[in-house]
Amino acid sequence: MRPSYHHYFYCCCYSGSLCYGCYGKETSPNRRFEYKYSFKGPHLSQADGSIPFWVHSGNAIPSADQVRITPSLRSQKGSVWTKSTVNFDNWEAEVTFRVSGRGRMGADGLAIWFTTAQGLDGPVYGAADNWNGIGIFFDSFDNDGKKNNPAVLVVGNNGKLVYDHPNDGTTQALGTCLRDFRNKPYPVRAKITYYKRTLTVLINNGFTPDKDDYEFCTKVDNMVIPQEGYFGISAATGGLADDHDVLSFLTFRLSEPGQELPPPEAEMPKQDKDKYQEEFENFQQDLDKKKEDYQKEHPDVQGQPIEDMYESVNDREIRQVFEGQNRIHLEIKQLHHQLAVILDEQRRYVSVATDEISKRQGESGGQVGQAPSQEMGAVVATQQEVLRNLNELRNSFYESLKQIGASQHQGNAVGMGTYETVQHFNDIKEHLHVVKKNIEHLITRTGNPSEKQVMNCPDPPPMPSCLGTTHFLVFVVIQSVLFFSYIMYKSQQEAAAKKFF
């Protein structure tokens, strides 16, 4: 005889460590995927906006890769439910979702259901109250002000309880854990397992892309749920709003090890079967029409074997090798061009330095200009050495370009993989190593010059004063005369004005 539903209120237990669900690792049950109670992308919705084997209501928006249960607008509610009931005793649901919003706090939350009836609309996270079954709530908003949200709660109901909104359902929760599931870098995953009357909830917090990185949330032992029910997901927003997106809902039937699973249902409802058949025929007609249009636009490919229209693995590898060679070729050509620009600049600097030396020697003609001439000579010698190094680099790049061009020509002629082609690549590698060594040597020579090669510019002559003492005194006298003249003029004007009063 099955226990009564009052077990919901005193049968929970908690665990402080990770576990393998509600069963040991050695006794893991058999799992079978149930497609009629699941959905996932990339082709989640159909052309008419519906989800195969599911029904959506409220503000839910199905798309190709996810179902937006509620958008980030105030006072929104939405839900999705399976069309047919689940009739197996043990099951596991893996739900991938994302809750995101611009504010520091969000509302109201998301719920995962297993109930005897579809709660298409209602006040409990967008679903009906007084449900008969189990609900796993991801509560975002702190209604009771106890700073205990976001949180995950497991709440059971036998159809007679009213959800305790003011206390965030904590007075009715069979199990709970504090988990922040908002605005995570990766989607959050929840694994809900009901096996041998034990409900286990594992959470992936969305910090890593590892799909199997679950943490223990809560566990409820000796839990009784209805034998048949509907799976559902609902969400709601209030004064604050979040986007509640569900990326996938995967359902698995569980059975004990060694026990054979019953055969899957071979027949689907006639209404669904006719609908899918009609959609397949429309798709096939569109495909045939596109094939005819393509053949009309490309008459040269008619009668050609379909294998010749696609790229083989060897052809793809050869194409990738040639694309890599072309990129290397373009990079080396750009470096060659930049070296040519640097050579021109260095030649110009050497010419300017030589002219400056000749000019100073002609002006000084004595012992005074001997030291600057030596410094300028050292600078010229350094620049000439830089020119030689750059010429060597340019020649090395030119040889590399020749080697790459030869290897590409040979590859186009006889294919890749021959000994000569490999030898060409080795020669290119040696030339590039030589170029690297020359660049390092050039940086060492030009980046750490000796003290003798550093030419200090002469100090500029002192600038003359902008204002002399005589000019300053004359300016002060003129300003004083103008000031006293203004005072006298102002006094006369005021005395003349008093005569009329």
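## Aromatic contacts

Ring pairs link Phe 39, Trp 54, Trp 91, Phe 114, Tyr 194, Phe 231 and Phe 249 into a cluster. Rings of Phe, Tyr and Trp (its six-membered ring) pair if their centres lie within 6.5 Å; planes under 30 degrees apart count as stacked, over 60 as edge-to-face and the rest as tilted. This is a predicted model, in which local features need pLDDT of at least 70 and side-chain atom pairs count only at pLDDT 80 or more, while totals for chains, interfaces and linings use all residues. Residues are numbered from 1 along each chain as its sequence is written, and side-chain values use heavy atoms, with hydrogens and water left out.

Across the whole structure, 20 aromatic pairs are found. The pair of Tyr 35 and Phe 53 is edge-to-face, because the ring centres are 5.5 Å apart and the planes stand at 75°. This pair links distant parts of the chain, 18 residues apart: Tyr 35 is in the loop between β2 (30–33) and β3 (39–40), and Phe 53 is in the loop between β3 and β4 (54–58). Strands (E, at least two residues) and helices (H or I, at least four) are DSSP runs, numbered from the N terminus. Tyr 35 is partly exposed at a relative accessible area of 41%, whereas Phe 53 is buried at 12%; buried means under 20% relative accessible area, exposed over 50%, and partly exposed in between (1.4 Å probe, protein chains only).

The rings of Phe 97 and Phe 138 also form an edge-to-face pair, with centres 4.9 Å apart and planes at 65°. Phe 97 lies in strand β8 (residues 91–100) and Phe 138 in strand β10 (residues 132–139), 41 residues apart. Phe 97 is buried, with a relative accessible area of 0%, and Phe 138 is buried at 1%.

## A charge over a ring

Arg 31 lies over the face of Phe 252, at 3.8 Å from the ring centre. The criterion requires NZ of Lys or CZ of Arg within 6 Å of the ring centre and within 35 degrees of the ring normal.

## Strand β8 and its partners

Of the 10 residues of β8, 8 are buried, so the strand is largely enclosed by the rest of the structure. Strand β8 runs antiparallel to strand β13 (residues 188–195), to which 7 bridges join it; two strands pair if DSSP finds at least two bridges between them. In this pairing, Glu 94 stands opposite Lys 191 of β13.

The pairing of β8 with β17 is likewise antiparallel and extends over 10 bridges. Val 99 has His 244 of β17 as its bridge partner.

## Backbone features

Most residues other than glycine have a negative phi, and most peptide bonds are trans. The peptide bond from Gly 41 to Pro 42 is cis, with omega near 10°, and Pro 42 lies in the loop between β3 and β4. Ala 107 and Asp 108 are also joined by a cis peptide bond, with omega about -15°; Asp 108 is in the loop between β8 and β9 (109–115).

Arg 197 has a positive phi, near 60°, and is found in the loop between β13 and β14 (198–204). Arg 197 is partly exposed at 34% relative accessibility. Asn 222 has a positive phi near 55° and is placed in the loop between β15 (215–220) and β16 (230–236). At 37% relative accessibility, Asn 222 is partly exposed.
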